Amino acid sequence: MKLFIKHHISFIILFIFVFIGLGFIIESLGGIENNFKYFIFLGFFQLLIFLIIRYLNNYRIYNILSSEPKELEDILLDNPRSVLEEEFSRNQRECFKLFNNKIRELENIQKEYKIFIDQNIHQMKTPLSVISMISQNNRENGDFKKLLTQVNSLDYYLSQTLSFLRLSDIAKDIQIEKINLRVLIVEIINELRDFFILNSIYPSINMDESIFIFTDRKQIKNVIYQIVTNGIKYGKKNSKLDFRVENKTEDTVLNITNEGIGITPSDKDRIFDIFYTGDNGRIYGESSGVGLYIVKKTLDLLSHNIMVKSIPNGKTTFSIYF
């Protein structure tokens, strides 16, 4: 109410002066009985002036309220010119502060969750390493061999969770260096040796040792590791997982090809979407819909493109452009 009176005090004063003045004018012209039409005209003219002044004082508020903001700053009003604009601007800035405080609060909560999960995953990896080492030392025992497979699977999902948690921080940690691609591929194959053997998939490397790429070693290793894991998981038994390099005019292209269940055309355009598992995920139930999402996000940060070609129940090729 106080703001309403403060905002309309000038119009109240104007109305009083105009009403009194209009009374004197009508009286001097012979009374309202002889000038009724003139009285109506002056009344509407007064209303028109009132509306024009009101619009000119507040049109910027109407513009803000009637337009769709694209940025948070779009809701703010700079240099207020009237009492209502001053109160509107003050109110919007207070809302802006509350909104920013809430965002910071949620970011801090999210940061604490990430630290908690990160620390716990590292704590879980330590006993897993011990179990893995004991299982490898007793590999000839069938039970330990099965245990090693499960430990590797668990370690893979824990690593994937860590990669997902740190996805937003990758850009801060990128270190570009010169990397021998064949050496990196061999290293990944050795780490996945048991997974290759278990699924009867045979790696085939068709590149020489003179091929070097410039990228972040840690991140590109995670990317290739994920693609290779998928290639083994969805490959046919006794088939090959082929690693081949293609030199193009501007790019070195790493093609990773498996022969297996393939990707349906309807799934191909969505396999990099988060939590999208597609037909294969529903049939085999092993897909989380996170791995290829991490692959695409990481490659985007590294400025490397990725293309996919696939024939259902045939060959699938993931091509990384360096």
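**Entry 1. Nonpolar core.** I looked up the largest nonpolar core and found 35 residues in it. The residues with the most contacts inside this core are Ile220, Ile224, Val228, Leu254 and Phe318. I took a nonpolar core as a set of buried Ala, Val, Leu, Ile, Met, Phe, Trp, Tyr and Cys residues joined through side-chain atoms within 4.5 Å. Buried means under 20% relative accessible area, exposed over 50%, and partly exposed in between, with a 1.4 Å probe and protein chains only.

I note that the model is predicted, that local features need pLDDT of at least 70 and side-chain atom pairs count only at pLDDT 80 or more, while totals for chains, interfaces and linings use all residues. Residues are numbered from 1 along each chain as its sequence is written, and side-chain values use heavy atoms, with hydrogens and water left out.

Which elements supply at least two residues each of this core? I listed helices H5 (181–191), H7 (217–233) and H10 (291–302), together with strands S4 (240–247), S5 (252–259), S6 (305–310) and S7 (315–321). H7 gives the most, with six residues. Helices (H or I, at least four residues) and strands (E, at least two) are DSSP runs, numbered from the N terminus.

I then checked Val228, which touches Ile188, Leu192, Phe196, Leu241 and Phe243, residues up to four places away in sequence not being counted. Contact here means heavy atoms within 4.5 Å.

**Entry 2. H5 against H7.** I found these helices packed at an angle of about 55°, with their axes 10 Å apart. H5 is therefore oblique to H7. Axes are lines fitted to C-alpha atoms, for helices over the stretch in contact, and angles run from 0 to 180 degrees between N-to-C directions. Angles under 35 degrees count as roughly parallel, over 145 as roughly antiparallel, 65 to 115 as roughly perpendicular, and the rest as oblique.

The crossing of H5 and H7 is right-handed. A crossing is left-handed if the near helix is turned anticlockwise from the far one by less than a right angle, and right-handed if clockwise. From H5, the contact is made by Leu184, Ile185, Glu187, Ile188 and Glu191; from H7, by Arg217, Ile220, Lys221, Ile224, Tyr225 and Val228. I count these residues as seven nonpolar, no polar and four charged. Ala, Val, Leu, Ile, Met, Phe, Trp, Tyr, Cys and Pro count as nonpolar, Asp, Glu, Lys and Arg as charged, and the others, Gly among them, as polar.

**Entry 3. H4 against H7.** Helix H4 (residues 142–165) packs with H7 at about 140°, the axes being 12 Å apart. H4 is therefore oblique to H7, and their crossing is left-handed. Tyr156, Tyr157, Gln160 and Ser163 of H4 meet Asn222, Tyr225, Gln226, Thr229, Asn230 and Lys233 of H7. This contact divides into three nonpolar, six polar and one charged residue.

**Entry 4. H4 against H10.** The angle is about 40°, with the axes 10 Å apart. H4 is therefore oblique to H10, and passes H10 in a left-handed crossing. Gln160, Ser163 and Phe164 in H4 meet Gly291, Tyr293 and Ile294 in H10.

**Entry 5. Leu292.** Leaving aside neighbours within four places in sequence, I found Leu292 in contact with Gln226, Asn230, Ile271, Phe272 and Phe318.
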